[in-house]
Amino acid sequence: MILVTGGAGFIGGNFVLDWLAQSNEPVINLDKLTYAGNLDTLKSLDGDARHIFVCGDICDRALLIKLLAEYTPRAVINFAAESHVDRSIHGPGDFIQTNVLGTFNLLEAARAYWVKLPANEKAAFRFLHVSTDEVYGTLEEQDPPFAETKAYEPNSPYSASKAASDHLVRAWYQTYGLPVLTTNCSNNYGPYHFPEKLIPLVILKALDGKPLPIYGDGQQVRDWLYVNDHCRAIRCVLEAGKLGETYNIGGHNEIANLDVVKKICELLDALRPRKDGEPYSKQISFVQDRPGHDRRYAIDARKLEQELGWTPAETFETGIQKTVAWYLSNQEWVQNVTSGAYREWMNKQYGA
Ligand code: NAD
Ligand code: TYD
């Protein structure tokens, strides 16, 4: 079996669903259920003995040691994190706690477990750390995309905390020989994405008749990857990645924020037209920019493609259609996650 952390969040949840759709290997899913963790995402696994959910914190070393001893997983996949840049600007403490100290605790618990494994299990064990392209900093328009060799230059408390965790993971390989793998992925989108992030936020605000907030001039570029493509890349790296190595994962979909929002508006115009017949793009509203806002991210995924044969299956065109359609037909999930805590954040960030 495998131990997944943060498996009630956006990417971890999609990963667990995908994993159990592809194989019968059980998953222990350790998640603290912060505002970003939702068991509704995993509802289809209710009563499925292959999914063992544990509510707990990756900072709780005793719990980690107990779970590893009890379930003897062949791999740990670490998705658990505080993941929202804007929240990290308002309050960086939780990011340092979970992303840095949590990863440290997980590494130490995994190391204590791994050193005592029988030789064949020890050789097969993997610790896969899921990270972000944001650790590399920002690109100018003419710069080449981020390769794995790019120096780390994080600019937000979120990316700095993820960079710190990546360094710890690297050091546990170099110093202790813990069999680690790290993946650095670009912006994901798809089903079960918490509506504080750009794409689901814009879909929900559009349907609610609210302004669609574009930070600054909206010309910041992200390299969008459909979440299932990310999940498949992680499975590839887990099974065939070289120990101690880093793999960049990206979708070859560099798009400016304003164009992303316009595309969502167009799809909604066709699928759920406004009652007054006006286009959703009328709701676009330029708001104050995010401090330290990275201008452009882009991923060079050639290492993963050439060494492990992975390529993304979705283009932005196909992925965004699926995503908008998913939000339109999963209003119950949306209602459940947009609770009191969500409304508090919306008021704090965008004003009542
Ligand atoms: P998310 O915020 O949707 O989910 C994070 C999950 O971790 C939640 O279920 C939360 O309850 C859980 N969690 C938080 N603190 C915890 C703790 N201390 N102990 C146990 N569980 C805890 O995040 P996501 O978008 O699914 O991102 C998952 C991982 O992928 C993160 O490490 C993130 O840095 C990385 N990543 C995300 C993106 C993206 O576009 N979303 C891109 C690249 C990398
Ligand atoms: P986000 O989804 O928060 O991901 P990240 O900051 O990790 O890239 O934001 C994606 C882009 O969209 C980013 O450039 C910030 C921008 N953005 C807005 O313009 N308005 C918003 O309300 C949000 C949440 C993001």
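Me: Let us count Ala, Val, Leu, Ile, Met, Phe, Trp, Tyr, Cys and Pro as nonpolar, Asp, Glu, Lys and Arg as charged, and the others, Gly among them, as polar. How do the residues of the shell around ligand 2 divide?

Reply: This is a predicted model. In it, the shell around ligand 2 consists of eight nonpolar, five polar and six charged residues.

Me: How many residues surround ligand 2, and which are the closest?

Reply: Ligand 2 is surrounded by 19 residues, and the closest are Glu-134, Arg-222, Arg-290, His-293 and Tyr-350.

Me: Which side chains place a polar atom by an oxygen atom of ligand 2?

Reply: Tyr-350 is one of them, with a polar side-chain atom 2.6 Å from an oxygen atom of ligand 2. Arg-222 also has a polar side-chain atom by an oxygen atom of ligand 2, at 2.9 Å. For Asn-187, the distance from a polar side-chain atom to an oxygen atom of ligand 2 is 2.9 Å.

Me: What part of the accessible area of ligand 2 does the protein cover?

Reply: On its own, ligand 2 has 510 Å² of accessible area, and the protein covers 97% of it.

Me: Which elements give two or more residues to that shell?

Reply: They are helix 3 (85-90), helix 7 (198-207) and strand 8 (212-215). Strand 8 provides the largest share, three residues.

Me: Back to Arg-290. Where is its place in the chain, and is it buried or exposed?

Reply: Arg-290 is in the loop between strand 13 (284-287) and helix 10 (302-308). Its relative accessible area is 16%, so Arg-290 is classed as buried, under the 20% limit.

Me: With which residues is Arg-290 in contact, leaving aside neighbours within four places in sequence?

Reply: Arg-290 is in contact with His-84, Val-85, Asp-86, Ile-89, Tyr-215 and Arg-222.

Me: Now ligand 1. How many residues surround it, and which are the closest?

Reply: The count for ligand 1 is 28, and the closest residues are Ile-11, Asp-31, Ser-83, Tyr-158 and Lys-162. By class, the shell holds twelve nonpolar, twelve polar and four charged residues.

Me: Which polar contacts does ligand 1 have with a side chain or the backbone?

Reply: Among them is one with the side chain of Asp-31, where an N or O atom is 2.6 Å from an oxygen atom of ligand 1. A polar backbone atom of Ile-58 is 3.0 Å from a nitrogen atom of ligand 1. Phe-79 also takes part through its backbone, with a polar atom 3.1 Å from an oxygen atom of the ligand.

Me: How much of ligand 1 does the protein bury, and which elements give two or more residues to its shell?

Reply: Ligand 1 taken alone exposes 830 Å², of which the protein buries 97%. The elements in question are helix 1 (10-22), strand 5 (126-132) and helix 6 (157-176). Strand 5 gives the most, with three residues.

Me: A change of topic: how many disulfides does the structure hold?

Reply: The structure holds zero disulfides. Cys-55 is in none, and the nearest cysteine sulfur to its own, that of Cys-59, is 13 Å away.

Conventions:
Residues are numbered from 1 along each chain as its sequence is written. Chains are lettered from A and ligands numbered from 1 in the order in which they are written. This is a predicted model: local features need pLDDT of at least 70, side-chain atom pairs count only at pLDDT 80 or more; totals for chains, interfaces and linings use all residues. Side-chain values use heavy atoms; hydrogens and water are left out. A residue is near a molecule or strand if one of its heavy atoms lies within 4 Å of it. A polar contact is a pair of N or O atoms within 3.5 Å; within protein, one must be able to donate a hydrogen and the other to accept it, and residues adjacent in sequence count only if both atoms are side-chain atoms. Accessible areas come from the Shrake-Rupley method with a 1.4 Å probe; for residues, only the protein chains shown count as cover. Helices (H or I, at least four residues) and strands (E, at least two) are DSSP runs, numbered from the N terminus. A disulfide is a pair of cysteine sulfur atoms within 2.5 Å. Buried means under 20% relative accessible area, exposed over 50%, partly exposed in between (1.4 Å probe, protein chains only). Contact means heavy atoms within 4.5 Å.
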